[in-house]
Amino acid sequence: MSSHDMPILLDGGSVNLDASIQNIQGIAEIQDIQGIQGMDGTMALDDVDLFGDPVMDTTLAVLPSRPLPSKQLLQRLDELRTRGCCQGVAWSRQGTIACVSKDGMSIDLRFIRCSSETGDWDLNDPSLSSTISLTHGSSSTSTVSLLTLPSAGAPIVHLAWAPTSASEIAVVDALGRIAILTFSITLNRPFSFRKWDSDPVDDLHAVAGCYWLPLGVLQLYPLHGPAAWTGNEYKYAHPFFPASGPWHPNLGKSAFLCVTTNGLLKLLFSQSNGRVEETALELESVTSSDDLITHASLTSDKHTLLIALATTSKQLRVVRVSIQWGLPHADKQVHPASMPLRPSLKESHVAVTSWFQPGPSESPLDLAMAQLTHIEMLPSALEHPPNTVAPPVVLTVRSYVPTETSPFYQEPQSVVDRWEIVIDQPQQLHPAFEQLGSRNGATSGPPPMTRLRKLDPITIPKVVVSVQTIQLGRVVCFALSDGTVQYRDRFTMNEMYNEHNSITLMNPHQAGFQYTNDTPCLQVALSPTACSFVQICEDSTLKWNKLHYTLEDIKSIQPEQQRAVLAALTIAVASAGSQQSSCDDILAVARPFIQNPSFTNAWLKELVTMMKISVDYSEDVHHDQLVRNIQLQQCFSIMSHLGFHGDFQPRSFHGKFAMLALNVRNFVILVTIANNTPVRLQGNLNPLDEPEVVDTLAGCARWEVNLLAWLTDCLLNLLDDPEFMSIITEPKRLAELSGYLHAKKDVSLHLLLCSSTRGFLSAACRRLLHLESVSNRAIQYYESRPATAPAPRQELYHAYQKMQRAVSSSLVKVQEFDQLLATLGRDVQTAYQKSLAHLWAMSKAKGQQPEGGGIPEQQRQEMFVKRAQTHIELDMLQGGNPPGAFREVLLRFFNLALPNFRNQTDPAKLYFANYDMLEVDEDANSLARRKAAGKYVDVFKKTELVSGGPKAVAAAAAAAAAAAAAAVGGTAISSPPPTTGLAPAGKENGGHGAVPSSSQVKSSGTPAPSGPTTSSSRPGANALPSGAGSSNSNAQVNSPAGDESATAANGTGGSNGSNGGSGNSDTKWRRCVRCASVMEEINVQRPGFTFVLAQQRKCSCGGNWGLTPKGAP
């Protein structure tokens, strides 16, 4: 037997020694083959060296064994290949993370939140998470779940979030039944918006692909970035890209579309009254099992829908569908959103091909990948640069995993196939054919042909478990089964963000951030900001993974590296704001950098510069634009969070400053909203006629007057501080002012010097004066009624008494404090004019003023002054030192204005007053005492909540009763003992009927004639103090989008309000996921209170609410 006949085959890297040796007859033949005839025939086979190398068995023994895929991953791949819609975890723009349980019978609602103990971020406790469960039968109640869905025996298989501001989620089961839930208040409390009870129970209606229509609010979408380094700073690009419909006629709403296995396209949409309706279109005629659709993907492109369909016969079909909403012709004054909708769908075929196109030499590996796992329809996109439009692309993924019988050299891999939708122009016909066509009356040539052009495939040596797009669809993210994420360019499919690049920044990965602690997973959902993701691990647990800075130690980070970090985080925050997404996970990524003392100020400056945020309000006396400045609120929110270190822990200087500013702003908005009924609700709704609203405003007013007293006490302490007076008196020591105040953590002076916070305080003073006027007139009206008149509504009467006591018992005269602020504001304006005019003249003399570019000198000077004021205001907003020109302002304030104001107060009462409600006393004893008592402040009603056991609650209730008794007896106290805030302010429906309401009170205090209530007949309508006439426009701040949103905000909206809205205020709190503030969960069924409460859909810091058990961290 010759050597070439030896049946030891190494072809393809496959070695089978045992089978080869069995074919060899006798040990002698082995010796002949190897030329070792002189050796002992009894020699063991293990000692035979066939090729002059180490023994093969020994070599094979030391080779690493191929890791086999887990059973869970194989099951997940089978699920991906079977159905196109099987995403079991999804992350909403507001922050809710919905996750289907392992058995598919429930949905866990999770969210990331700032820990109330440390201030760090993590997923909320799974044992405290809310659950949506399936139940058998028609029962819709559960003692465990907040909401239940009737089951038809099929598990939940898919979740899809809508892009709306009030989060809506489509829940799809294996039979294609669709339920829509809305989260209008908290991140983990759903309300039923559409039930699936009437959907057919048929597996042919299983959903193969689904899509939410985009919002039509913006016609151009900004893409913030990249940031280009210019040598001393980053310059940010802000390209805009056109939005593509179709949209819902109500631009703030979306509509849900889905493709079923039997080829139906369903459209679920809501009418103007909130009712959800459905229409359908047959896309493909299914006549056999080969025509069944397994995967589908939908997208908006050029105001139509592009739909890619994959069938069991391996066909890839693309169709285009247009939506006609059927709006009737009506008067132009009627808004389209209020008209009834009668939509219709129209289909046109685009192209057909096969999605399985192996090469000319099929290999076993190709045949093993003959099943799809993902399909994505990417719309046409503007490539910038060179400003060319790339055609739509169909993207598919096929994955392969080795098994025990696979050759050992094969590894897991995924193949990404792509097809471009191209239009081929028809060839020119010969003139003879054109003449022939003209005889028949047809002169047009053949139409353009649309086809699918196959692009080069991309091979990824891992298993793809999720495909998502970011940056307006310009980047495709592939989540892999080993826990890693790949970013690829949508146009070239080249891998992105895998290298450090601080010259041109677009993503935090380029600045040194990476995902760490990779864990094998089955499903992945990126956050809306793409700065973190959640994954379902192989043990069915949910894990959150955020970006970590990995280049160097944060404590010793170099300035150039920190600038790159700031630029990357700023782009992420700006992008989240333009998409109306929560930026909480960005704050989680940035929080470790608070170890660097300069980080907060540097980031705030970068945000203001990049987003062009207005911070100078030194000339704004009406405060309209100040209150509406959402971007400034976001800056305060970031400062507040970065300065928060946990409940009952001292805040930083920036944290205390921002926390007080946000609460004052919230007070201004609540009073304005309660006093201004929307036009559509006037005549049947007046919030000030309801005792719950008045009681809430009374608590807020008490908090506000306490703040004014505390500010006055702090300023008087500075006046009596020799060191402070020496600093502002000696010109050379003025630079020490900021450092001295930071060491004392005294934010009072900065709250007055910054024009934005000074404006908030001035607006709050005017609202307090207005509340005092309203309460005085209401009490006068009730007390002047004749004895024969019907008894007044006692709850409302006592609520107005409470409000009147809260304002009148202030230790500081509100009007005088407002005048003090106005005097300081005028002095600041004068200092700006003098100093900046002088600075302009000096720069002009030195030739350093900016180029005119044809702009008149007067206008250039105004621009110069405005930029300089913005720079100064930003420095003070960051807690920096006031400019030298403010020295005279400070001297005039502390030597003249403040001493005169002190003569109208009692400094001793101010010093010994109780300011616990403000949460500004941060000495160790005060914090320890509050922690032991378990006392929190309700951010909405400004009352104390007690998280202790029954004894603590009983003690607090007794203290509240004693305080109430003292107040009824005529004793005015500056800071009443705390109340629990757990008892309702009045009866549910008490007082309604023939009893007159406060809206019948005229300015003179006499009853109004009977008849419909008008806006001018109620106390709060035309009684605004001087200078506050602009508060009517402020009424639109944070106003609800419609009546149904206001109803849902109180837990009564939706078709399943009894399910989702039933809550017990004794057992549930709302806790802000960003600043950890708390608010009592209220369940009051009054329209006015519901309307006001709707303004508290978010915390004062802009963070979302999470529903938690009372006292839970």
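Predicted model: local features only at pLDDT ≥ 70, side-chain atom pairs only at ≥ 80, totals over all residues.

Entry 1, a loop proline. I placed Pro882 in the loop between helix H20 (857-877) and helix H21 (887-902). Leaving out residues up to four places away in sequence, I found that Pro882 touches Leu737, Leu753, Met876 and Leu890. For Pro882 and Leu737, I noted a C-alpha to C-alpha distance of 8.2 Å across a sequence separation of 145 residues.

I searched the whole structure and got nine cavities of 30 Å³ or more. The largest cavity comes out at about 490 Å³. Its lining has 32 residues, and those closest to the centre are Asp647, Arg651, Met659, Glu919 and Ser1077. I sorted the lining of the largest cavity by class and got 17 nonpolar, six polar and nine charged residues. Helix H12 (653-675), helix H23 (924-933) and strand S40 (935-937) each give this lining at least two residues.

Entry 3, the next cavity. I then took the second largest cavity, which holds about 90 Å³ of space. Of its 15 lining residues, Trp91, Gly95, Ile112, Ser582 and Asp584 are closest to the centre. By class, I have six nonpolar, six polar and three charged residues in the lining of the second largest cavity.

How values were computed:
Residues numbered from 1 in each chain as written. Heavy atoms only, no water. 1 Å grid on protein atoms, 1.4 Å probe; cavity = no way out; pocket = protein on both sides within 12 Å on 5 of 7 lines; lining within 4 Å. Points joined across faces, edges and corners; volume = space filled by probe spheres on them. Helix = DSSP H or I, 4+ residues; strand = E, 2+ residues; numbered from the N terminus. Nonpolar A, V, L, I, M, F, W, Y, C, P; charged D, E, K, R; others polar. Contact = heavy atoms within 4.5 Å.
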